Amino acid sequence: MPAHEQSNPWAPLTPSQLEQRKIVSVNPETVSHTAATDIPGHWGPAQDDSWNLSRFRDSLKVDFHHNKPHDAAFSLVGVDASIANAFRRILLAEIPTLAIEDVFVFDNTSIIQDEVLAHRLGLIPLTGGQEGLKWLKWFRKPPPKDDFAAQAAWEAEEGEDSAASVPSDYNTIVLTLNVTCRWATKAEDGRDGKALAKDGESDPNVRYVNSNVYAKDLVFEPQGQQEKYFNEEEGNQIRPVNPDILIAKLRPGQRIHVRCHCIKGIGADHAKFSPVATASYRLLPQINITQPILGADAKKFARCFPKGVIGLEPSPDNDSDELQAVVKDPMKDTVSRECLRHAEFKDKVKLGRVRDHFIFSVESTGQFGSSELMLDSVRLLRAKAERFNRHLTELEEGR
Amino acid sequence: MSNNGDTPMEELEDYEKGEELLLDGTKKLVILPGASSHAASFQIEKEDHTLGNALRYFVNKNSDVEFCGYTIPHPSETKMNIRIQTWEDTKTTAVDALRKGLIDMMEACDVISEKFTEARDEFDAKQS
């Protein structure tokens, strides 16, 4: 119960209150104690919940579960939900990434419409030299010519910063796609496509050449300084993460010849600029067995959870030879609340989640490494705070 | 955004460059009318729940703060209002509380960065 209902506001917190601080309860049909209550004043005058950096540093823990180049899973323990959520939101929407933005179509006689083709090209994840990607500057895209209001506002502002709106080697990457489909000929390809077709061959890979346009057909054309940063010999050239992405299908006589300009953007603008396949977190589940569950009940109990969550061990009291259910690894639990649906043990167990233990899963699309993305996210939140602080100082001085 | 050659100032400038391109001249931070020394509402442009909720948490952790809340007046506009009221009998003004919240947030991010890098390097070392 909250502080004002306690008989003695100076008394230390009772175990149930401590539990309420730490655990979100998961009940058969509801969740309770969801809000964080570690605010100064909530638990009475004796409890000091104000911000303390050294206490935070001591209680903060980061434990990695796996750290593959583009898939990291780790636990962040000791932060509040608002901070963990801020990191997740930044990972999804605010980390600058490179993607194809403008597609200049020279020739498109394929069955895929220009705009659909451009959309597909934009969604292809690209990668390249990390140093070069960080060096790339922002490009300020002029508004479309048919939006008169925006165009007028743009021209009014033009003077100061026209350098950022000119495509240059420091803000734009150029990729070219030039694929023509034709029949396979004896002379060039060693097989006569037309003849094979007449005989009943229906496989387009055999009949034609270049009938499938893949992401690997995108050719990087380094401009100016880009040759230094995106060096092909060192393997730093801008290339699609997965070369086997199918962009379009062609038939003989059809051609796609486009030039793509790639720029930096953020996920909030368009999902193609999001550097993560997804970034999510879940809270650590907690299973509290309040009374012993023995024998056949224990076996049934163990089957209510994913494998490895509940183990069966001999009862320590030695009352009987029956095995007792013991919680082995709550991290594997998916909190399906199945055990609360059986009368035998639904009153012997309390389910919940640990409020400040976040199990993050960051899957990168391939442009940056997962752990590097998380660090960028933390730095970006810090940069936002610093910027806000600067604006606050400017505001105070302006007064 | 770990430009290894840049100082933190340069890194911040590059990020801000991108930011300013989106702002187009409107004021980033404004104190709304009706503010007093101990109670004020701040309106910040181009920010959302990402910064709002985190900042609200840090400002609330200050025992001199009577009230702190944030709101997004309309989802179609990227404006965020944050209201801070400090207890009248303390010397802390609303602006002080906001500043302390921001500094606490920056320090917390530094600690998290440090611990994360440590944990990551330790894990990688153990794997190999």
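This is a predicted model: local features need pLDDT of at least 70, side-chain atom pairs count only at pLDDT 80 or more; totals for chains, interfaces and linings use all residues.
Local features need pLDDT of at least 70, side-chain atom pairs count only at pLDDT 80 or more, and totals for chains, interfaces and linings use all residues. Residues are numbered from 1 along each chain as its sequence is written, chains are lettered from A in the order in which they are written, and side-chain values use heavy atoms, with hydrogens and water left out.

**View 1. Chain A meets chain B.** The contacts (heavy atoms within 4.5 Å) link 60 residues of chain A with 55 residues of chain B. The size of an interface is often given as the accessible area lost when the parts come together. The buried area here is about 5,800 Å². It is the accessible area (1.4 Å probe) that the two parts lose on being put together, summed over both. Carbon and sulfur atoms give 66% of the buried area. In chain A, the residues that lose the most area to chain B are Trp51(A), Arg387(A) and Phe388(A). Together they account for 14% of what that side buries.

**View 2. Charged and polar links across the interface.** Seven salt bridges cross between chain A and chain B. Each has a side-chain nitrogen of Lys or Arg within 4 Å of a carboxyl oxygen of Asp or Glu. Arg99(B) forms a salt bridge with Glu396(A). Their closest N and O atoms are 2.8 Å apart.

**View 3. Strand E7 of chain A and its partners.** Helices (H or I, at least four residues) and strands (E, at least two) are DSSP runs, numbered from the N terminus. E7(A) covers residues 173-180. Six of its eight residues are buried, so the strand is largely enclosed by the rest of the structure. Buried means under 20% relative accessible area (1.4 Å probe, protein chains only). Strands pair if DSSP finds at least two bridges between them. Eight bridges join E7(A) to E14(A), residues 255-265, and the two run antiparallel. Ile173(A) stands opposite Cys262(A) in E14(A). E7(A) also pairs with E11(A), residues 218-221, in the antiparallel sense over four bridges. Here Leu177(A) stands opposite Leu218(A).

**View 4. The elements of chain B.** Chain B has three helices and four strands. From the N terminus on, they run α-β-β-α-β-β-α. Of the 128 residues in chain B, 48% are buried.

Notes
A polar contact is a pair of N or O atoms within 3.5 Å; within protein, one must be able to donate a hydrogen and the other to accept it, and residues adjacent in sequence count only if both atoms are side-chain atoms. Buried means under 20% relative accessible area, exposed over 50%, partly exposed in between (1.4 Å probe, protein chains only).
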